[in-house]
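Subject: Structure handover

Hello,

Here is the structure I said I would pass on. Please open it next to this email and follow along.

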Amino acid sequence: MTDAAALWKSLETLEFPTLAALFAASGRLDRYATTLDLPGGPIRFDWSKTHLHQAAETILGDLATAQGFAEKRRQLFDGEPVNNTEGRAAEHTAQRGIGAAASVVEAEALHERMKALVDAIHEGLLGDVKSLIHIGIGGSALGPALAIDALTRDGARVAVHVVSNIDGCALEAAFKLCDPATTMIALASKTFTTTETLTNAASALDWLRQGGVDDAYGRVIALTAAPEKAVEWGVDDTRVLPFAQSVGGRYSLWSSIGFPIALAIGFDGFAEFLAGAAAIDLHFLETPIERNIVVRAAFADLIYTQALGCQTRAVFAYDERLSLLPSYLQQLEMESNGKRVTTDGRPLGRPSAPVTWGGVGTDAQHAVFQLLHQGTHLIPVDFIAVKIPGHDLDPVHHQILLSNCFAQGAALMAGKASDDGARAYPGNRPSATMLAEDLNPATLGALIAFHEHRVFVSAALLGINPFDQFGVELGKAIAKQIDTGGGKGFDASTEALLAAAGFGE
Ligand code: F6P
């Protein structure tokens with residue numbers, strides 16, 4: 001047995017005291033709840049209501065050593081090719097100013113180019129621009145959609161409508177909210193080959209032309225790591241905002257993919273977003289494992305997936321402005337760590353990423369929390385809340401929102417005995433809570449960077465590459481085959497479905 005295999009075995013066979021027993025020991029809160037002073041204001045990271053404890057941390061710390069975690073983290077920040085299957089670095093931190101010197105310099109220069117275009121639009125140099133339709137999918141859409149929804153509740157400098165789905169209903173909905181005469185189109189695609197994005201792009205050009213815009217291409221901005229493809233497609237090269245190949249799609253909102261964020265909140269706000277993330281980068285890079293909040297969160301995640309049989313992890317934003325955070329985190333976790341082989345191509349032989357899901361509190365309480373409290377699954381839950389409300393209504397709204405958030409964590413942990421089985425709550429159910437003072441660009445940046453690195457730590461200990469995503473390719477290839485070759489040559493069920501939908505008629 002390798003060192004790592006023996007350590008995983010020790011974790012699997014380790015005893016995990018109940019949360020109540022863990023809390024009976026003194027000092028638990030001080031040890032597992034940490035408030036970090038960050039550029040956007042403090043964030044409290046409370047992992048005390050998880051089953052983390054010294055013996056588990058010792059094993060996981062040894063696993064980190066056995067799996068070369070510190071070296072892998074160094075390689076990540078130094079811009080070495082940690083994405084081994086694609087022979088690439090993963091340089092999202094360089095976008096935030098922390099990374100290989102040449103990559104940081106390049107990112108700064110590209111941000112300057114982006115700033116110039118943002119400022120030009122704000123100053124009216126590109127005509128009267130009231131709205132932007134941002135077309136992209138996956139990592140080219142989820143980040144901008146989250147950030148813009150979170151940060152522009154009080155209004156945006158330019159209204160941004162993010163469209164991802166190939167279903168024309170999505171694009172049509174955006175058209176209804178925009179006037180072709182005052183709308184620009186951003187085409188966000190790292191590869192500039194994604195069918196959904198290019199198809200939506202062509203329809204957006206048609207819409208502009210039909211709306212009386214003579215130079216429709218003149219309204220298009222491309223955000224891409226393949227600038228030559230964007231130019232070939234027809235975008236003027238002065239309107240192409242490139243970013244480095246070494247920035248992964250689901251890690252790309254810090255690059256020019258963040259253009260719509262900067263357009264909506266201003267470039268200064270975007271710079272604050274980067275600074276918030278950079279503060280977490282430094283914490284992750286420089287803080288010893290025992291006090292490193294990112295490592296701690298990943299250790300808890302590994303306890304649940306590897307030792308306690310949890311197949312899912314839920315995240316609930318107790319803040320309407322963060323409604324899109326669960327779907328953002330879904331891609332981050334599941335596309336990064338949903339893998340079945342290690343970096344050397346051998347079977348992983350253990351669970352990888354938990355299925356990540358979630359929603360918004362208090363809505364989710366009235367829909368899915370029954371299962372969390374009394375179902376047969378053990379599901380670790382993250383709660384994310386913000387102290388300062390995002391609205392001007394009676395403070396009672398926020399008081400009820402936050403009291404519900406904290407009540408859920410308490411109830412999951414404490415449970416409640418009853419002679420009536422249907423009314424009994426087993427308790428001992430884990431949760432972690434992140435409480436930010438304020439939701440602003442820097443806080444959002446910090447929260448996202450925290451999750452990026454959390455996913456990285458799990459991958460490092462599992463020995464998988466979190467930066468590729470070959471799993472999405474097969475379905476895309478078959479869809480293409482169907483589109484180009486009609487509905488034949490598949491299994492009987494698929495052929496019948498295609499025939500029923502009118503393919504090949
Ligand atoms: O199909 C998955 C994926 O490659 C994601 O990883 C990516 O974020 C998304 O598609 C969009 O890709 P692109 O930015 O190249 O259009």
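Strand β3 (residues 131-135) and strand β5 (residues 183-188) run parallel and share five bridges. S131 has T183 as its bridge partner in β5. Two strands count as paired if DSSP finds at least two bridges between them. Helices (H or I, at least four residues) and strands (E, at least two) are DSSP runs, numbered from the N terminus.

A word on the source. This is a predicted model, in which local features need pLDDT of at least 70 and side-chain atom pairs count only at pLDDT 80 or more, while totals for chains, interfaces and linings use all residues. Residues are numbered from 1 along each chain as its sequence is written, and side-chain values use heavy atoms, with hydrogens and water left out.

**The sheet**

Now widen the view. The open sheet has five strands, in the order β4-β3-β5-β6-β7, with parallel pairing. Its edges are β4 (159-163) and β7 (240-242), and each of these pairs on one side only. From one strand to the next, the twist averages 20°. Helix α10 (residues 195-210) lies across β3, β4, β5 and β6 (220-224). Its direction is at about 165° to β5. Axes here are lines fitted to C-alpha atoms, for helices over the stretch in contact, and angles run from 0 to 180 degrees between N-to-C directions.

**The hairpin**

Another pair is antiparallel: β1 (residues 33-36) and β2 (residues 43-46), joined over four bridges. L36 has I43 as its bridge partner in β2. The two strands form a hairpin with six residues between them. In the turn, G41 has a positive phi of about 110°.

**Domains and cores**

The domain assignment gives domain 1 (3-66 + 287-468), domain 2 (93-271) and domain 3 (471-500). Such bounds come from an automatic or database assignment. The C-alpha centres of domain 1 and domain 3 are 39 Å apart.

Which residues have the most contacts inside the largest nonpolar core? They are F259 and L444, in a core of 105 residues. Helix α18 (residues 441-462) gives the largest share, 13 residues. Domain 1 and domain 2 each supply at least three residues to this core. A second, separate core has 23 residues, including A204, W207, A222 and A230. A nonpolar core is a set of buried Ala, Val, Leu, Ile, Met, Phe, Trp, Tyr and Cys residues joined through side-chain atoms within 4.5 Å.

Look at F259 again. Leaving aside neighbours within four places in sequence, F259 is in contact (heavy atoms within 4.5 Å) with residues including M114, L132, A186, I221 and L241.

Is S256 buried or exposed? S256 counts as buried because its relative accessibility is 4%. Buried means under 20% relative accessible area, exposed over 50%, and partly exposed in between (1.4 Å probe, protein chains only). S256 sits in the loop between β7 and α12 (259-265). Its side chain reaches the backbone oxygen of L241 at 2.8 Å. That is a polar contact: a pair of N or O atoms within 3.5 Å, where, within protein, one must be able to donate a hydrogen and the other to accept it, and residues adjacent in sequence count only if both atoms are side-chain atoms.

C169 is in helix α9 (residues 168-177). C169 counts as exposed because its relative accessibility is 53%. C169 and H366 are 197 residues apart in sequence and 29 Å apart in space, C-alpha to C-alpha.

Best wishes
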